[in-house]
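User: I've got a new model open and I'd like to learn how to read its features one by one. Can you walk me through it?

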Amino acid sequence: MDDPLRTRIEQYYATVPLLFSDAEEYGPLRLFVRKEPGAPYYGGPGHAQPVGGAPVGADDIERVRARQRELGVPQAFEWLAEAAPALRERIEAAGLPVLERPLMIFDQHRAVLPQPLPDRVTVRALTADDPALPAALALPRLAFAEPGTPQSSAGATELWDLAAELTADGTVATVRPSLAAGHKTLVAALADDGTPLAVGHYHPAGGATEIGGIGTLPTARRRGLAAAVTTALVTHARAHGVHTVFLAYADEAVARLYARLGFRPAGTTLLIADQPARS
């Protein structure tokens, strides 16, 4: 990865959590702490450091973990590999599992080609008061509970039941302000009855964004819906001033799909330890 691109991605990871959290400093490490209810954030290297970062000791990691235990949030760490090359060894020595997530970036000079949609399916960005919002937020939970591309039995009935649960427990209410303020964009492919069939989102910051949460309802897989949502997200982001669009992946089959859409390897790896927001 070239230095300007690495800098843009580092700045993105340092900036976007601050839309929803405060940063607490623990020596060379930083912990993002949610200001309001929502998915908890993570610890990682401080971003106002020279290249390579300051040395991280076992006591620094333990201080962050102690604060996470105090807050009742997962003991999660996330960082860009090149930003702190030695941190992986330190994190693993502390007993936390580290996962690799290669990055891909959409070529800024490449045209976005809309993907074909099945009959009676439309794609749109959802508003804060969209009636499809609860089900769109529920969909990734069903999709990621059954990973891969094969179709399965989880469909509209299970989706709307879970949507009702997320409405009742306040999850939907916590997302509405972010959508209304433009801090989050949620795109869905919808059946003609309004049922979300595939979704994805992005959080813009400083002209950059990471696309994430792309999932397809298990009964609707292998219809090109994830591809259509991904390209719609790129198009929407570009139209709203975002120039650097990237994503992380865990599966080579998914990487091949993104490559066909115009993404290329970014030459870096995102290292994640026990990060539920990406599971």
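User: Let's start with helix 1: how many residues does helix 1 have, and how far does it reach from its first C-alpha to its last?

Analyst: Some ground rules before that. This is a predicted model, so local features need pLDDT of at least 70 and side-chain atom pairs count only at pLDDT 80 or more, while totals for chains, interfaces and linings use all residues. Residues are numbered from 1 along each chain as its sequence is written, and side-chain values use heavy atoms, with hydrogens and water left out. Helices (H or I, at least four residues) and strands (E, at least two) are DSSP runs, numbered from the N terminus. The expected span of a helix is 1.5 Å times one less than its number of residues. Helix 1 has 13 residues and reaches 18 Å, close to the 18 Å expected at 1.5 Å a residue.

User: Which residues of helix 1 are buried?

Analyst: Buried means under 20% relative accessible area, exposed means over 50%, and partly exposed is in between (1.4 Å probe, protein chains only). In helix 1 the buried ones are Leu5, Arg6, Ile9, Glu10, Tyr12, Tyr13 and Ala14. Gln11 is also found in helix 1, but it counts as partly exposed because its relative accessibility is 49%. The C-alpha atoms of Gln11 and Ala208 are separated by 8.9 Å, though the two are 197 residues apart along the chain.

User: Arg6 and Glu10 are both on that list. What do the side chains of Glu10 and Arg6 meet in?

Analyst: The general idea first: side chains of opposite charge can pair when their charged atoms come close. The cut-off for a salt bridge is a side-chain nitrogen of Lys or Arg within 4 Å of a carboxyl oxygen of Asp or Glu. Glu10 and Arg6 meet in a salt bridge, at 3.4 Å from N to O. Both lie in helix 1 (residues 3–15), four residues apart, about one turn of the helix. An α-helix has 3.6 residues a turn, so residues three or four places apart point the same way. Glu10 counts as buried because its relative accessibility is 18%, and Arg6 does so at 13%.

User: How many salt bridges does a search of the whole structure find?

Analyst: Nine. One of them joins Arg88 and Glu100, with the closest N and O atoms 2.6 Å apart. That pair links distant parts of the chain, since Arg88 is in helix 3 (residues 87–93) and Glu100 is in strand 5 (residues 99–106), 12 residues apart. Both ends are partly exposed, Arg88 at 24% relative accessibility and Glu100 with a relative accessible area of 45%. Then there's Asp130 with Arg124, a salt bridge of 3.0 Å, N to O. Here Asp130 is buried at 7%, whereas Arg124 is partly exposed at 37%. Salt bridges that share partners also join Glu24, Arg67 and Glu70 into one network.

User: What about rings: how many aromatic pairs does the search find?

Analyst: A pair of aromatic rings is described by the distance of the centres and the angle of the planes. Rings of Phe, Tyr and Trp (its six-membered ring) pair if their centres lie within 6.5 Å; planes under 30 degrees apart count as stacked, over 60 as edge-to-face and the rest as tilted. The search of the whole structure finds seven aromatic pairs. Among them, Tyr12 and Phe246 are edge-to-face, 5.6 Å centre to centre with 85 degrees between the planes. This pair links distant parts of the chain, with Tyr12 in helix 1 and Phe246 in strand 10 (residues 244–248), 234 residues apart. Tyr12 and Phe246 are both buried, and together with Tyr13 they form one aromatic cluster.

User: So is strand 10 largely enclosed or open, and why?

Analyst: Strand 10 is largely enclosed by the rest of the structure, because four of its five residues are buried. For its neighbours, the rule is that two strands pair if DSSP finds at least two bridges between them. Strand 5 and strand 10 run antiparallel and are joined by three bridges, with Met104 partnered by Leu247 in strand 10. Strand 9 (residues 208–216) pairs with strand 10 in the parallel sense over four bridges, and there Ala208 has Thr244 as its bridge partner.
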